[in-house]
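Let's learn to read a model together, one feature at a time. Have a look at it first, then we'll talk.

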Amino acid sequence: MPFLLRRLLRSLALLIGVSFLSFLLLDLAPGDYFDTMLLNPQISPATVAAIRSQYGLNRPLPQEYWSWIRSIGRGDWGYSLAYNLPAAPLIWQRARYTLLLSGTATALAWIAALALGIWSSARPHSWIAALVRTLEALLMAIPELVLALSLLLIAVWSGIAPAAGASSSISALQPRSLLDLARHLLLPCLSLALGLLPLLLLHVRSSMRQALDSPFVNAARAYGIRPARLLFRHALPVAANPLISLFGLSIGLLMSSSLVTETVFSWPGIGSLMVTAILDRDFFVVVDCTLLAAIFLLAGNFLADLLLFLQDPRVRAS
Amino acid sequence: MSSPPLLSVQGLHKSYRSPKRPFHAPAVLPALIDITLQLASHSTLVLVGRSGSGKSTLARCIARLEAADSGAVFFAGRNLMHLHPRELKPIRRELQIVFQHSATAINPLFTALEAVAEPLDVQQIGHRRERRERALEAIETVGLPRAWAHRSSLEFSGGERQRLALARALILEPRLLILDEALSGLDRVTQNRISDLLHALQQQRSLAYLFITHDLQLASRVGRELAVMEHGRIVESGPVAAILAQPQSDAAAALVRAIPQLPGTSPSLTA
Amino acid sequence: MLSKALLAVLAALHIAVLFAGFFAPYDSHQQYREFSYAPPTPVHWIDSGGRLHLRPFVYRLVPKPEFAGYEEDRTRLFPLCFFCRTSGGDSLHLFEVSGPAHLFLAGTDAYGRDVLSRLLFGGRISLASGLLGAFIAVALGTAIGAIAGYYGKWLDESAMALAEIFLSVPWLYLLLVVRALLPPHIESGSIFVLLVAVLGVVGWARPARLVRGLVLSLKRRVYVTAARGFGASGFYLLRRHILPGAGPVIATQLAWYVPQFMLAEVTLSFFGLGVSEPAPSWGNMLAALQRAYVLQSCWWLFAPAIVIVLVFAGYRQIFARYAPGAPEL
C-alpha cells in the first residue's frame, strides 16, 4: 500500500509542478494578450478589465497562481480569444473527438501488436515472423507526418473515404450520423494506428523473446509441456510485465499522440486546436491544451504503476 | 618497540543509518564498535572475520574513503579524522589500499601503463617521462614483463590485474598498504605467489601491511599478528600460531574449524 | 546488405546537403513562374529520330494551353552539362542545362522553384536542426545528469524532479508551447538558432536521466574508488573515468535523437511555426501538400517525405547496430 500511496503523491506533486510551469508560461507570454483582446471591437474595455481582475492578473505572483488553480478547479479554464468563448467547453468538446480518434487507434494498434507480436515470437522462423519484422522496420522509419500525408493522398486518389474533418455537415462538430462519423474516422484512425504500431510491436516481440528465452521457460519446455500452454500460461504472464507499463503509458498518451494526424486530416481535436491556437496567439487555449495533455500523461503513468502493482508480486513485496 | 606505531586506531565507531522514510523510525546499523588496534612500521597485521564483520568498513574508514562517527586514527603521528580533504591529499601518498574484485580494479579503457601511472598523474609528481619510467619499474617489481605495459587491462588475468593494482598502489611509495581481501577470488597458487611478493617487498622497502581476509590459512601465510573481528568488534588478538592452537572466542573458533583439512590430518598452516 | 545500403544513402545525403551549392542545379529562391507545378523533367538518351546520344539531354518544356500541363518541344535538344559553371554565375554545378531549357529533376512547386534544389538547401536546415539540436540536448542532459549522479543528494533530487516535470508533458506539446512563447514570425536568420535552442532546452530531460543512472553505477566501480584513494578530485574522476565509460551509450543515444529532432523541426515548419517562406525546409515544402489539388496532381512534391524516411531509416540503422534491443521510450 505505501508503494501506491507514494506513487500517487509523486504524481500529484508532478501535477502541481506542471501546473506551476504552465502558469509561469502564461505569465511570461510576451506582450499582454489582453492587449490583443482590446483590439477586438466586439469586446468592450470593461469586459477586458473584468476578465483581467477575475484571473487576478494584477496581483502578486503566488496569489495569481492560487486564483488560477482555483478557477481551474471550478471548471473555468480561461477564455479563448480566437473563438470568443470560454475555453473550457471548447476544449472539452474537442477533447472528445481526440479521445475517439486516439482511443480507437490505440486499441487497434495494441490488438495488432499483440496478435502479430505473439505469433511471430511463437514461430520465429515462419514467413509471418519475417513479414512482421519487415513491417516493423518499415513503419519505424516512417514518421507520423509522412504516414498521414501518404494516407491522405490515398484518400484523395481513391475516394474511399473522406479526407478531412469529422463529418460532412457544415458544422464540423455535429456529425450527420454515426456512419458519417465512422467514414471520416477511418483514415485518420488508420494513420495513427500505423504510427503507433511499430514501437508496440518492438516491445511485444522483445519482451516475448526475453520470456521465451528465460531459464524457467526452458525448464518447462524440458518437461514436455505443450507449446500453446507454454506460450500462454508460462511465457505470456512474464512478458506482460513491461507491456503493462507500456499499456499505462499508451493510455497516458491518448490526449497527445494524435496531434500531427489531426492537423493533416483536419480532425477537430485538441491537437489541431493547439496548433491553430498558437498561430492565433490564443494563449489560454494553448496552455490549457498542454495542461490537459500533461494530466493525461501523469494519470497514464500512475495507471501503469497501479497495474504493475496489481500484477507483479515482486512489486507488492517491496 | 620503543618507536611509536605507524598506525594507531583508537575507539573507532561507525553506524549506518537507513534513509528517512515517512512513518518509519530510521534503522541504525552499527558497523564498527570501539575499534582499537596498532600497527608498527615494517610489520604486518592480519585482520580476519566473516563476511559482514566490518573489516572492509574499517579499511575504508582508516583510508578516509568513508567517514567514521567517532574515534581517532593516528597515522604517522597525525589524527586523520580531523584533517580537511585538501590536507589529506599528501597523506594519501603514504597510505594506499588495494581492493578485492580485480575485475573492475582497473579501468578497462586504460592500458596497464596508464593504470599504474595514474596515481602519479593525480598527485602530479614528475614529468611524463619520469612517470612512464616509474610505472614501468613498478610493473616489473610486481613480476610482470615490461613489454606488457601497453596492453589493455582487459587482456590480463585476475591475478595479473591484482598485481597491476598492487603496482599502482606501490608507485607512490606508501608506508602503509591496506589489502582489503585483495587475494580473495584468486586461485591458491596465485595467492601464494603474490603473498611471497608481498613479503619480498616488505624486506626491500619500509612497508607495513594491514591484510584483511576471511581465510585463516592465507592469514597465517601472510603475517604473524592477528586480530579477529565479529559484528563490528575486535574479539580476539594475538600471534597467529597461538590463536590457531587455542582460539578463545567463538568467532576465532569458527574460523579455525573452517580451514579445509584432509581426512586423517590436523589443521595445519601452509608450509 | 540492406543496412549497408541505408548507411551509404545516409552518408550520400549528408554530403549532398553539405555541398548543396554543387549538387543543386538551381538556387533555392529562383522562381520560374511560367513553369509552376511542372513535373520532373524527363532525361533522354535516345532522340526522336532514334539516335543514341552519349550525353543525356532534355527537351524544352512548353506550357500547354489552359493550364493543362506541360509538353516537350522536341525540335531541339539540350544536352546536360557536367561540372559546368552557369553563364554569368560563379558556382560550379554537378549538372545543369543552358539556354531556355530547364532541368527540374524533381519538378517545381507553386512558384516554379526547382524542388531538387530546394530539397538540398532545405536539407541543410532540417538536418542541421536535427544534428545540432540533438547535440545540444544530449550535451546539456549529460552535464546535468553527470553532476546529479555524481554529487548526489539535493542536486540529484532537484535535477531529477525537474526532469520528471519536463517529461510529464508530451514532448511535442512542450515544444509547441515553448515555441508559442516566441513571436510568431521570426526572420530566417535567427529562427534557426532559436529553433535549435528550443530543441535543446526541451530535450535535455531524457538524456539526463539516462546519464545519471549510468554515472550512479560507474561511480561504484573499484577503479573509481581506487582513484579517490590516491587523492583524485570529483572533476578528475568524471573527466577521466566516468564520462568516458558512459561515452558509448551517450553516442548511441545521439543516433536516436538526431532523427527525432529533425522531425521536430520538420513538424514545426509544416505547421508554419518553424522556418517560413521563402527559406526552404523539408517541413514547409510538405505543407504545400495540404491543398487537395496539389496533393492529387503533384506527386513529385512528396520528395521531402521520401528523404525524411531515408534519414530516419539510416539513423535507426546506426542505432540498431550499436544498441540492439528496445530503445528507451
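Q: How many residues of chain B are in contact with chain C?

A: Before that, some ground rules: this is a predicted model, where local features need pLDDT of at least 70, side-chain atom pairs count only at pLDDT 80 or more, and totals for chains, interfaces and linings use all residues. Residues are numbered from 1 along each chain as its sequence is written, while chains are lettered from A and ligands numbered from 1 in the order in which they are written. Two residues are in contact if their C-beta atoms, placed from the backbone, lie within 7 Å. Here, 18 residues of chain B touch 14 residues of chain C.

Q: Which elements of chain B give two or more residues to that side?

A: Elements are DSSP runs numbered from the N terminus: helices (H or I, at least four residues) and strands (E, at least two). On this side of chain B they are β6 (95-98) and α3 (112-123). The most comes from α3(B), with 4 residues.

Q: And by class, what does the side of chain B that touches chain C have?

A: Ala, Val, Leu, Ile, Met, Phe, Trp, Tyr, Cys and Pro count as nonpolar, Asp, Glu, Lys and Arg as charged, and the others, Gly among them, as polar. That side of chain B has 10 nonpolar, 5 polar and 3 charged residues.

Q: How many helices and strands does chain B have, and why is it called as compact as a globular protein of its length?

A: Chain B has 9 helices and 10 strands. The radius of gyration is taken over C-alpha atoms, and the globule rule is 2.2 Å times the number of residues to the power 0.38. For the 271 residues of chain B the rule gives 18 Å, and the radius of gyration is 19 Å, close to that, so chain B is as compact as a globular protein of that length.

Q: What share of chain B counts as buried?

A: A residue is buried if 20 or more other C-beta atoms lie within 10 Å of its own, exposed if 12 or fewer, and partly exposed in between, with C-beta atoms placed from the backbone. In chain B, 42% of the 271 residues count as buried.

Q: In chain A, how many residues of helix α9 are buried?

A: The count is 0 among the 9 residues of α9(A) (residues 215-223), so to speak a hardly covered helix. Next comes Gly224(A), with a positive phi near 90°.

Q: Into which domains is chain A divided?

A: Domain bounds come from an automatic or database domain assignment. Chain A has domain 1 (2-87) and domain 2 (93-317). Their contact takes 22 residues from domain 1 and 20 residues from domain 2. On the domain 1 side, α1(A) gives the most, with 12 residues.
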